[in-house]
Amino acid sequence: MIYEVIVDISSSNVDKVFDYYGEDFFCVGQRVLVPFANKQIEGFIVGKKEHTDVPDNKLKSLLLPLDEYVALSPEMLSLASYLQYKYHLRLIDALRLFIPSQMRGGKVKEVFSKTASISTNYTSQQILIELGKKAKKQVELINYLVEVGSQDTITLNKMFGVALNALTKKGYIDISFTPRQRTPYKSLSQTKQAHILTTDQQNAYDTIMSNLSDPYLLFGVTGSGKTEVYLRVIEQVIASGKTAIMLVPEISLTPNMLRLFRSRFGENVAILHSGLSVGERFDEWQRLKRGQARIAVGARSAIFAPLQNLGVIIIDEQHDSSYISQSNPRYDTQVVAEFRAKYNNCCLVLGSATPSLDTFYYATKGKYKLINMPSRINERPLPKVELVDMSLEMRMGNNALFSVTLKNELDECLAKGNQAMLFVNRRGYSSFLMCPKCGYVAKCKDCDVALTYHKEDNQLKCHYCKNRYKVLDVCPVCKNNKLRQGRMGTEQVVAYLKTLYPEVEVLRMDFDTTQTKESHVRILDAFSLRKAQILVGTQMIAKGHDFPYVTLVGILDGDQSLYHSDYLSSEKTYQLLTQVSGRSGRDKQVGKVVLQTYTPKHYCLQLAKDQDYLAFYKKEINLREATNFPPFTEVIRILYTSPTSQKCVDLLNKHYAVIENIKESYPNDFLFLQRMRCPLQRIENKHRYQILIKLSADSADQILQQIYQATDIQDKEVSVFCERNPQNLS
């Protein structure tokens, strides 16, 4: 039999099928070891056939299978081909998405526990007689095993030393091996709660269950109880013998979601995300692959869970940009979910209080069935949002981080014994270090960005390449010793709170405080148990969390993301402000939100204040249509990076000339075509250029395939990525 193999080398030169001979016991989808270019490397069998054009003297044979099972199902092989077409990925890069990375190269394997028991070839009396009275430790060990039956070898070695090894050599003890499960988040507490569905929840549940092969957009305000609807739907899907995928956007949200799912479904749940240890991720993947767990919970990568017979895929907080991979291999999780849902003829549920504009637009056009959940649980009111003009505060002489309004509300919240969450979407102490005399700004030597001051480490850090520098005492240009710090970060907010409320416990949750394993859980559990009254954080705290005693949310620098050079800036700002506001007043007490801004009259902030998504959608979708932005068009970015600026420019110009020729064939479908330097001109010592294209939505797929072919003209020193509707144009 001839097998078609993709070798596990991420290079365009070898990203093609190679024919190998093999016996009939090999299977399509299996990982195999093959001879290739005088080496033995891993590969994936992607097809088989009876004949090949490769001459017999050049046809090599498969060496051996790498797993006892078929790693990739027919669905995954079909998905890999689709991703290759849709995003112009190398096929091997798509295939690698489907297995834990450490499986490659055999870097991770199953672990086993060794258990000792008395050999079935002897009775305990026979052994004791043969041992006599001199081998005291061995006699004690045999008597112990008579009492307990069996015990793990680690415990026995601690108790009886070398006696275990001696008895094993004599054949008196049998050692058995059983797989040992590396279980993530073992310490998560679990509480089962019975919930009576509200009218909105019941309607949403009934609508989804009426047709489990349709795609739905569950549009529910924060606190409306979407999670309980997800749980009920999955409960029925599992009862019918099918499987389910539940996605959340942030790793910080997975522990709480896992807690809810384990309480409801026990060991039937596995978790997948990049924050797990290598062994944990491998074992959880294996449980899903073997059918030992039938529900996958996790972040973006969990969409590739090796489940068969899918009954439902749920994407919570559908709008979140983290669902779109912005590094190789690039893909949109929602697009992958739609493929898997169609392949399995199963239900897709997209949930959000602030759906992405294009998804809501397509829901109005019938692509998704729209389900509304307009009220919070038990008709609790949405929190009252107050906009505070910080420029007015400054004119009144208040140069502090907190407005008078926020300080007064915080005083009242703490006095009542309630909790507050303060959101600032910037980590570190301050966003830059600047000389007010000559204008010098401390920048990274490898990136075109200002360095962030981190007071705790007393360092300047680059948030792109992770470079670190000593803090400057004087300006290196003009020797001025009075340097000015930039806008506040989470560290500065915590330090300020400690001066205001020295007796109050404050927690901080950002990238810097969540580097260790299970750090998310420790911070959130501590806050949930009211070990702290204030939680300060970045986007990690903005969505999905439910703390009953949080009655105040403070949003500092609420307009920070509003003026990015990006057509998505208003949408992202509205979503972020609405989501973080929704953390307040989720239980019996009415919530309050104080939103500090320098642009209080901007329509995005005014509509976020009123939490009126429909009004925001109508205004923003009209702007998109008038300015020819998605969903009415597709924006394509071709990004070029290289240590050598001129090589970037040369390759870009070659591609641009070909694309101009394509444009001549589609004069009405190219709405914009331009080449330029990226706003961030250099990252990690690599120069960055881009071609931006705007295509009519109807012809985008057809034209994009030709653009992909144009960008296949390569230079080994230049990295080229082609993105559809990128989330970040900087």
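Are E634 and R724 buried or exposed? Select both: E634 is buried, and so is R724 (buried means under 20% relative accessible area, exposed over 50%, partly exposed in between, with a 1.4 Å probe and protein chains only). The model is predicted: local features need pLDDT of at least 70, side-chain atom pairs count only at pLDDT 80 or more, and totals for chains, interfaces and linings use all residues. Residues are numbered from 1 along each chain as its sequence is written, and side-chain values use heavy atoms, with hydrogens and water left out.

**Salt bridges**

Keep E634 and R724 selected. They form a salt bridge whose closest N and O atoms are 3.1 Å apart (a side-chain nitrogen of Lys or Arg within 4 Å of a carboxyl oxygen of Asp or Glu). E634 lies in strand β28 (residues 633-642) and R724 in strand β31 (residues 719-724), so the pair ties together parts that are 90 residues apart in sequence. Helices (H or I, at least four residues) and strands (E, at least two) are DSSP runs, numbered from the N terminus.

Next, select E42 and R31, another salt bridge, with the closest N and O atoms 3.2 Å apart. E42 is in strand β4 (residues 39-49) and R31 in strand β3 (residues 31-36). E42 is buried at 16% relative accessible area, and R31 is buried at 5%.

Then move to K609 and D610, where the closest N and O atoms of the salt bridge are 3.6 Å apart. Here K609 is partly exposed at 31%, and D610 is partly exposed at 48%.

**An open sheet**

Select β7, β8 and β9. These 3 strands form an open, antiparallel sheet in the order β8-β7-β9 (two strands pair if DSSP finds at least two bridges between them). The edge strands are β8 (150-152) and β9 (173-180). Strand β7 (residues 111-118) pairs with β8 over 3 bridges; within this region, T115 has D152 of β8 as its bridge partner.

**The nonpolar cores**

Select L72, L83, L95, F98 and I313, the residues with the most contacts inside the largest nonpolar core, which has 88 residues (a set of buried Ala, Val, Leu, Ile, Met, Phe, Trp, Tyr and Cys residues joined through side-chain atoms within 4.5 Å). Helix α1 (residues 74-87) supplies the largest share of this core, 6 residues. A second, separate core of 34 residues includes Y205, A244, M246 and I314.

**Q575**

Finish at Q575 in helix α17 (residues 569-581). Q575 is buried, at 6% relative accessible area. Leaving aside neighbours within four places in sequence, Q575 is in contact with H319, T354, P355 and S356 (heavy atoms within 4.5 Å).
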